[in-house]
Each structure stands twice: as structure tokens, then as C-alpha cells.
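Have a go at each one before reading its solution.

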Amino acid sequence: MSYIIDRRLNAKKKSTVNRQRFLRRYKKHIKRAVEEAVNTRSIRDIDQGGEVSIPTKDISEPIFHHGNGGVRQRVFPGNKEFVVGDEIKRPEGGGGGGSGQGKASNQGEGEDEFTFQINQDEFLDFMFEDLELPNMIKKQLRDATSFEVRRAGFTSVGSPDKLNVVRSLRAANARRIALSGKERRKIRELKAEIKTLEGLLPNSDAVNQINALNEEIKALNKRIKRMPFIDEFDLKYNNLVRTPVPSSKAVMFCVMDVSGSMTQSIKDIAKRFFILLYLFLTRNYKRIEVVFVRHHTHAKEVDEEEFFYSRETGGTIVSSALNLSADIIRDRYPPGDWNIYVAQASDGDNWDGDSHICREVLEQRILPLVQYFAYVEITTGPHQNLWLEYEQIRDKFGETFAMQTIVEPGDIYPVFRKLFEKKE
Amino acid sequence: MKKREPISTGSEWTFELIQKYDQEIARVAEHYGLDTYPNQIEVITSEQMMDAYSSVGMPLNYNHWSFGKQFVTTEQQYKRGQMGLAYEIVINSNPCISYLMEENTMTMQALVIAHACYGHNSFFKGNYLFRTWTDASAIIDYLLFAKNYIAKCEERHGVDAVEQMLDSCHALMNYGVNRYLRPQPVTPEEEKNRLLDREEYIQRHLNQLWNTIPKKDLIKEKKAPRFPKDPEENLLYFIEKNAPLLEPWQREIVRIVRKIAQYYYPQRQTQVMNEGWACFWHYTLLHHLHDEGLVTDGFIMEFLHSHTSVIYQPPFDSPYFNGINPYALGYGMMRDIRRICETPTDEDYQWFPDIAGSDWNETLQHAMRNYKDESFILQYLSPHMIRELKLFTITDNSTLSTMQVSAIHDEEGYQKVRENLAASYNIGNREPNIQIYNVNVRGDRSLTLRHYMHNEQPLGDDTDEVLKHLHRLWGFDVHLESVSPEGEIIDAIHCPPRPHTEEVA
């Protein structure tokens, strides 16, 4: 007799622990693979998790096995034209015995790369590990354009249109009860006294006393009556607060200098910075658009591929990009509907006569419209006039404008954090 | 035979149907005299199947990164569609546990029941290697013990320490088996009770071993007896008993890995037979049901579709060629034995005078019980089978510039091909023969191993790495000498590596 058991509801993921152990063991390799992926992948897909490849030889488990050489006799199926004595060349490719090892090692002839899947969280963990990323997701957005009015209990100050009648009257009633306590106790005592005196009737002395007491009760009642029915103090108003509701749409402008002075490694740093910003936004908005604006002496809106990987030479006029961004905002992203973020990366080079124009464009056309403008300068050299101009803007628009210098990839996250830290 | 109503006609399975199929298959299996452990059939999802896959088919196992690696590979291949999951996993235990996958059709479930629950199951119960080396009733309990023990070690000594230990043991796992001794069956309860005693005993024993107060140096160093007296082929056993520096818990881990290696030892030697036997019986059992009219023609067509793809042997020059398919070879040979019994030709009478024309079922049962792959092929691979698979031998002598075709499927070649093929299933030939030769008890405690070379084949390039693991376990220097059949030391590897002074030695 056989037992048939339905195990489908049993715990799945039994291998989770083993898998974690594996990831832990090959952390270094995986990190390298993730870094490569970051550099080759599109910003929009960056947090998808994905495939990771590490060299097979790094993770093989060694066992004793025969190496090449010696005499071996192997039997194959499917003979077509061989007869005894035929001579065959050894298969090409270094290890003629590559397939010969198949028996000894269970790896057999395999791919050189060991490829597997990691999920989004793991991918991000690995990606940001050297950026020392804390739990960024918890961060709330400081600024949000649209507000929602929500009830938040009651207050004692407010405008008449928010008056809550029931609450106010209840408060008045409570006040009256509270403040008249002494009088009412007195009245109760007097009434009790009258009761005892009534027992002594028709004693004339008692009658007088009763009358006096009644007078007293009347006076007390009058005092109670004199208490105001409603007081300023009783008024209760509905408390409505405006809570910020992040609008569900955001647009992110990536502005980058692609002039000759920007090397690929600078661009890679910039890309990681843009990725961080993108991820930050994805935690807060349902829908995100990314606009890539690159510039040398004039600016152009491009797709991502071109943005990161095409090379231009020539001078640098930053204001061209700022103007183009402003135009795009005006035409396509009305600030009422969109949360606008601009991230600009550059090595700090700009044509001398242009930097003050940049400041004007920023101050007049861009900063009033955007949530946040972050400028990173990726350079090891001294700051140039663009930085100096921007410093003036920072002093003026500390709320929405931030700027930092990045020297090497390790700086990206700290800088990002500084840029987005809560300002009191 | 009177036609009956088929058990089912659709492709959907239900538990009632599985039970009915199982009953019918059990009835037919009994008719053919298959002796099995009771069956425990478990229905699982594909995810669970992947889990089972990656813990080497065991329903529970200790944690180790290599299983994670296996899992990740399986998952990746499965998701990419590079491979389907196996239809079944069956565990040599009592009761015999087989997994059915939820996604399979009714036909596939029936196929798996026939294949695993009656084919493999009867093989586990009948084959001499399994009877000798494994204790089906205790394995699950033992694994549970191992899992808990190792988890406890991780708590006490840290995951890394345990992982290192396991890595080293895994590297030597294939050398952790006894080939010629019957291990005493020990229940997990006894195992636990004896644990403390053993730890204590080993420590005491060890102290004695090392406590060699030099007596008057009358005996010359050369004549000093070797330790161990006879070479030891079970490296892990030797380590467990004799490694001077291991802590008791480390010894126990060595022991666990060794025990599990021993459990798998028969499976590694009977793959062709085991799969051949199971395929032969699923084919026979389901066709019997079809003859009785219990399954429909559609059922049998679907069944044949899977069956033929399982037993397909691509020729050596096909892109799908990946060695000899054990299913194809095993199944082909089982069928062939039946053919030799039922309709023998003159050639069969000449080659197999003892079985030609005999009762096929009895002959097959006998073969199943008393052989392993190597001897099975040596005994039963017929010229007919060699022709059918068009087998040929290539001799690859690394001293020559080309490889030679040394035998093909013709009159002169049959015997040779058969011997060559059988030899390739001999674990002794497949794996380097490495044994513990000596311990320098009075000196630096270094451990010397000897690799007895087979056909002049050197060791592979992993050897250094494995020696590092061995060195970790032993704690002192490790030497590995490759010895030719004439007893001449041809090559030596040392861990830690020696500067080039080998000529002196």
C-alpha cells in the first residue's frame, strides 16, 4: 500500500539559507559583476535585479581527478565510418582532454561563466554597498507641491466657518456644570434642611426658618442662572491641516556636460549619481520620466544611450543646457502637475563669459519651478567660475538648490546624502 | 484479455486518480514479482522540486553554500528553459519516498510512479550494493541528526569555521567511502549516545599515538613500521580517527560527510543499471496496463513520447552528445537481455549460453540483484547491443600525436569494446587511486599519500587545491606521491609547497 501525500503547501524556499551562504561567500565576485551591470545598464532598469556572472573557475569545488595525459580508452556511440586502426587528430583547443575530464569532474565542459539571478533588493544591496547606502527608502520627501486638507481633531481657535456647534455646546455645558458645583451643593443642603424643618411644622419658628432658607435657594439659583450660557472659552473649531501629498508624477532632468574634458570615468560617476537620484525618486513617485540633456557649446535632448556613451569635443556653454531644460519644462512639464528634479553633473568647466548667465537662468527660469536642483562637480582640480557663481545661488536658494563635489566613486553616496539631507 | 474501462482519459490528475493508478501499477508489479519497500508518494511544486534538486535529492540536509550554488544553477537553467526539471526524484529510504511534480500530466505521473515507485524502489531493495552499504530505514533520521548537529556547531563555533570544515570534507568526499567493509548500522539514538564516548575515546587514543617517548634508538628509522600499517583508502575515515589537531566536533563533521558519501557510494556505481532497470519496468508495466485496456491509446502515445526522448542516445558527433546516456545504455541492455531470453539467435547462444532461452524475468532479477555497472556491462553487453549503439573505442595515448580507433562493433571488436566500456564504469579507474601511505610519527607528523597511477594518467590541476583542504584537516605537512606500477615515485606534490629541493628527496 502506498501513501500519497500532498506536500505542496509545505515550506518552499528551503534553499534560501544555502543560497544566502552562496551569495555571502562570493560577495566580492558578485559585487564586481553588479558594478559592471550598473555601468552597462539603462537607468530605468537599474533596480530590476538581474543576472550576475562570475567566472566558473572561481567557484568550482576541487576534487581529485585525472589530468590530461597517459593512456585512456574511451567508448563512443554512433560510429559511422571508422575502422580499426584509423587515426584521428586530437580535438583542438588547449585541453584536448577537456571532454575527457567529463567523467572525473561533474563540471564537464561547461561555460566559463557561472550565471545566476539575484533579485532587486540583493542587487541594490550589492550596488550601494561601497556607497555605504543606509536605508534610503525611509527618507521622506521634504517638498511636495500639492496638499490635501485633512481633519485633525479640534482646536479652540479658528475662523467662524469652522465652528463645531456640537462640540462647542458640549464644552459650554461641561463648563456650566463644573463652575456651578458649589452653589448646587449648597442648594441640596438647604433643601435637606427644609425637609427636616417641615417635620416640625406647624411650629412658627420653623416656618420662618423655611422661608429664609427658600430665599437663600432662590438667590443661589439666580447666581447659577447668571453663569454665561456660552463663553468664548467653550468654542471649538474643526481643525483642518494641510498635509503634503506628493504628486504621483515626477520628471527628472539629467543634465551633463559632454565636452571633451569629460572622460568616460567621470561620466560613469555621473551615471551612478543619476541612478541614485532616480532610485530615490522611484520610492516616492508612481511615475517618473527622465529627460536627458547633454551639452557642449549647445544643448540637445537625447536618449540615454547617447547621453552616456557618445563623445563630443569642443567648448562648454552650460547655460545652453539650462535654457533648454527650462524650455522643456515650460513646454511639457507644467510644475502644477509635475514634480521636477534637475541633476546636473559637470567637471566644472565653463566658458568664462557664460557662468553669470547660468546664474540668471537658474534664478529666473528654473529654480522657481523645480523641487530640487542638485549640482555635482566631479573634479579633482580647483573650482572654477561656474562653482563660484553657483555658490551665490546656494546662498539665496538654500531650500531648493544644492551643490557638492565628487572626487571618486566612494564619494557619491555621502554627497548624495548631503544633498538630500533634511534641512531644518 | 478482456478489455476494461480505462482508468482516466484526460490529462488532469487528481489524488484519487493517482491512487487508482498506483494500485493498478502495484498489482501489475506484483504480477512480475517486483519486491519493493512501501511507497510514500509526495506531490510537490516545481519550486520544491528545485529545492530537492539542490540538496542532492534529499528531503533535508545540512546547510552549505555549495547546495546554494546548485540551487542557483538549477533555478537559472529552469527559468531560461534550458532544462526541464526531472520528472521525479526518488530517495533510497524505507518507506521509499518519491516526488511527483504538480505540473505533470496524469500520464507523466503514472510514468513516474511506475519508474520510481516500482522500478527504482525495487532496485534499491534488491541490489547487493544497496543492501550492503546503505540502511534505507535509517537514512532520514541520520540526515536529521546531521542537520541538527551541524546547525548546533554553527551556533557554537561560527558559520565560517563549520563552512571551512565542510569545504575540506567535501573536497575529499569521494575518498570517504569504505569499499570492502560493511559498516555497522547505527541508529541515530545510539549515534547520539555514543557521541560522547567516542569523542573521549578518540582523544585518549590520540594522546597515546603522539605520546611516543623515544625508546632507546635501537630500531633504525628505516625499519620503523609505517603508520598506518597498511595503506588506507578511506581518507576521511583516517582523518576522523587520526588527525591530531581536530576538535571533537570537527571529527564528527568529518564523520557525517563520510557517512553521507558512503550512502551515495552505491548510486555512483549503479547508475546505468538503476536507470535501465527503472526504464525497463515503467515501459513494461505501463504497456501491461495498456494491454489490459486500463490506459488509453492517447496515454500510451504521450508516454512513448517522453520515454523515447529519455532513452535517446545521440551519436558522438552530435551537438547533443554528452557521453553515453545511462538511460539509453541501461534500458537497451535490459531489453536486450529479455530478447536474448525470449528469442535467442545463434550468436546469443554462443555468447550467453547460460541465459539464452531462459526465463527472462528471473534472469533480469538475478542481474539486478548481483551486479554493478561495471560487472553488469562486462557480463551482459551483447554484440547485438554493441551493433545497435555502434560503439567503438578510441585509444588516446598522450605520447602519440594522434588517437587511434582501437576497436569497433565487429567480430574482433565486441570483446574489447565490452571490456573498455565496462572499465569506464569502474570507479577505481575513473578516480585516481589515492591512499594514505605513511605518517611521520616520530618526526614532523607529515602525512604522505600515494597515488597509484593507472595507465600513466597524471593528476588533474585541482590537486593542489584538494591538498590544501587535506592540509587543513590534518594540520601538518601533506605530501602526495604519484607512483608508477613498478613502485617508482614519478611525481610529488607538497602542501605547503616546497621550494625546489625535490631532487634531494
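**Exercise 1.** Find out what the mean pLDDT of chain B is, and which ipTM the predictor gives the complex.

*Solution.* Keep in mind that this is a predicted model. Start with chain B: its mean pLDDT is 87, and 91% of its residues reach 70 or more. Then turn to the complex, which gets an ipTM of 0.82 and a pTM of 0.68 from the predictor.

**Exercise 2.** Work out which element of chain A gives the most to the side that touches chain B.

*Solution.* First, the overall count: 55 residues of chain A are in contact with 80 residues of chain B. Next, list the elements of chain A that give two or more residues to this side: β1 (3–6), α1 (16–25), β3 (71–76), β4 (87–89) and β5 (113–118). Out of these, α1(A) gives the most, with seven residues. Finally, sort chain A's side by class, and you get 20 nonpolar, 19 polar and 16 charged residues.

**Exercise 3.** Say how β3(A) and β4(B) run: parallel or antiparallel?

*Solution.* Look for β4 of chain B at residues 392–397; six bridges join this strand to β3(A), and the two run antiparallel. For a landmark, pick A:Val75, which stands opposite B:Thr393 in β4(B).

**Exercise 4.** Describe how α11(B) and α13(B) cross.

*Solution.* Locate α11 at residues 271–291 and α13 at residues 326–342 of chain B. Their axes come within 7 Å and cross at roughly 65°, and the crossing is right-handed. Now check who makes the contact: B:Trp277 and B:Phe280 are among the residues from α11(B), and B:Tyr327 and B:Met333 are among those from α13(B). By class, this contact has eleven nonpolar, three polar and two charged residues.

How values were computed: Residues numbered from 1 in each chain as written. Chains lettered and ligands numbered in written order. Predicted model: local features only at pLDDT ≥ 70, side-chain atom pairs only at ≥ 80, totals over all residues. Contact = placed C-beta atoms within 7 Å. Helix = DSSP H or I, 4+ residues; strand = E, 2+ residues; numbered from the N terminus. Nonpolar A, V, L, I, M, F, W, Y, C, P; charged D, E, K, R; others polar. Pairing = 2+ DSSP bridges. pLDDT = per-residue confidence, 0-100. Axes fitted to C-alpha atoms, helices over the stretch in contact; angles between N-to-C directions. Left-handed = near helix turned anticlockwise from the far one by under 90°.
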